[in-house]
Amino acid sequence: MKFENLVEIIRIKQEVREVEEAYTSLLPQQIRSSYDATALIQALIGDEDREVFLVLCLNMKNHVTAVHRCHVGSLNASIVHPREVFKPAILNNAASILVAHNHPSGDCQYSPEDIDVSKRLQEAGSLLGIDLLDSIIVSPSNSLSLKEKGVI
């Protein structure tokens, strides 16, 4: 029997991981503003020595359903592509996402690259029907919301 015309059947199965108890108390009941998510984001990546890019997946009521560490970069850069950002959102049936990354320098001032990436993610989310609610930059003691600054 020849198998020349085989078709690969793909089944996407969501992997379930439990949230570490240390972070469950930081999970906000509902995200109403960037402030609601900042404590969780700072606890997860605020003191990292390299840039880390997080994706928070939210349901229709803005409850966090998943937190995905999307990319770990270098000391001052993280390459982010919409495909990797929206994959966990799609797998978790997210209505919207909130993205965040840290600045290891401690300075939360946004760069032109931060704006470009956020706008690109906004456009991709619009096509997919998954809203980008905000893009947040954190350090151990500070945070900055690109939405609140009117940048996105």
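How many helices and strands are there in the protein? I counted four helices and five strands. I took helices (H or I, at least four residues) and strands (E, at least two) as DSSP runs, numbered from the N terminus. From the N terminus on, the order reads α-α-β-β-α-β-α-β-β.

**Ground rules.** I am working on a predicted model, where local features need pLDDT of at least 70, side-chain atom pairs count only at pLDDT 80 or more, and totals for chains, interfaces and linings use all residues. Residues are numbered from 1 along each chain as its sequence is written, and side-chain values use heavy atoms, with hydrogens and water left out.

**The sheet.** I looked up the strand order next. The five strands form an open sheet, ordered E2-E1-E3-E4-E5, and the pairing is mixed. I call two strands paired if DSSP finds at least two bridges between them. Strand E2 (64–72) and strand E5 (143–145) stand at the edges. Each has a single partner strand, so one side of each is left without a neighbour in the sheet. The twist averages 20 degrees from one strand to the next. As a reminder to myself, strands of a sheet pair through backbone hydrogen bonds, either parallel or antiparallel.

I then went through the pairings. E1 and E3 are antiparallel, with six bridges. E3 and E4 are parallel, with seven bridges. E4 (residues 131–138) and E5 run antiparallel and are joined by three bridges.

I followed single residues across the strands. Phe53 has His101 in E3 as its bridge partner. His101 in turn stands opposite Ile137 in E4. Ile137 has Leu144 in E5 as its bridge partner.

**Strand E3.** Is E3 buried or exposed? Seven of its seven residues are buried, so E3 is largely enclosed by the rest of the structure. My cut-offs are under 20% relative accessible area for buried, over 50% for exposed, and partly exposed in between (1.4 Å probe, protein chains only). Ser96, Leu98, Ala100 and Asn102 point one way from E3. Ile97, Val99 and His101 point the other way. For the whole protein of 152 residues, buried residues make up 39%.

**Helices on the sheet.** Helix H2 (residues 34–45) lies across E1 (52–58), E2, E3 (96–102), E4 and E5. H2 runs at about 135 degrees to E1. Helix H4 (residues 112–128) lies across E1, E3 and E4, at about 160 degrees to E4. For these angles, axes are lines fitted to C-alpha atoms, for helices over the stretch in contact, and angles run from 0 to 180 degrees between N-to-C directions. I also checked contacts (heavy atoms within 4.5 Å). Of those with a separation of 6 or more, 66% join residues 24 or more positions apart.

**Cores.** Which residues touch the most other members of the largest nonpolar core? They are Phe53, Val55, Val85, Phe86, Ile97 and Val99, in a core of 23 residues. E1, E2, H3, E3, H4 and E4 each give two or more residues to this core. I also found a second, separate core of 15 residues, including Ala37, Leu40, Leu44 and Leu56. A nonpolar core here is a set of buried Ala, Val, Leu, Ile, Met, Phe, Trp, Tyr and Cys residues joined through side-chain atoms within 4.5 Å.

**Salt bridges.** I required a side-chain nitrogen of Lys or Arg within 4 Å of a carboxyl oxygen of Asp or Glu. The count comes to three salt bridges.

- Arg69 pairs with Glu48, the closest N and O atoms being 3.2 Å apart. Arg69 lies in E2 and Glu48 in the loop between H2 and E1, so the pair ties together parts that are 21 residues apart in sequence. Arg69 is partly exposed at 40%, and Glu48 is partly exposed at 23%.
- Arg50 pairs with Asp49, with 3.7 Å between the closest N and O atoms. Arg50 is partly exposed at 42%, whereas Asp49 is exposed at 54%.
- Glu84 pairs with Arg83, with 3.1 Å between the closest N and O atoms. Glu84 is partly exposed at 33%, whereas Arg83 is exposed at 56%.

**Asn92.** My last entry is a loop residue. Asn92 lies between helix H3 (82–91) and E3. Asn92 is buried, with a relative accessible area of 19%. A polar atom of its side chain lies 2.7 Å from the backbone oxygen of Pro88.

Note on methods: A polar contact is a pair of N or O atoms within 3.5 Å; within protein, one must be able to donate a hydrogen and the other to accept it, and residues adjacent in sequence count only if both atoms are side-chain atoms.
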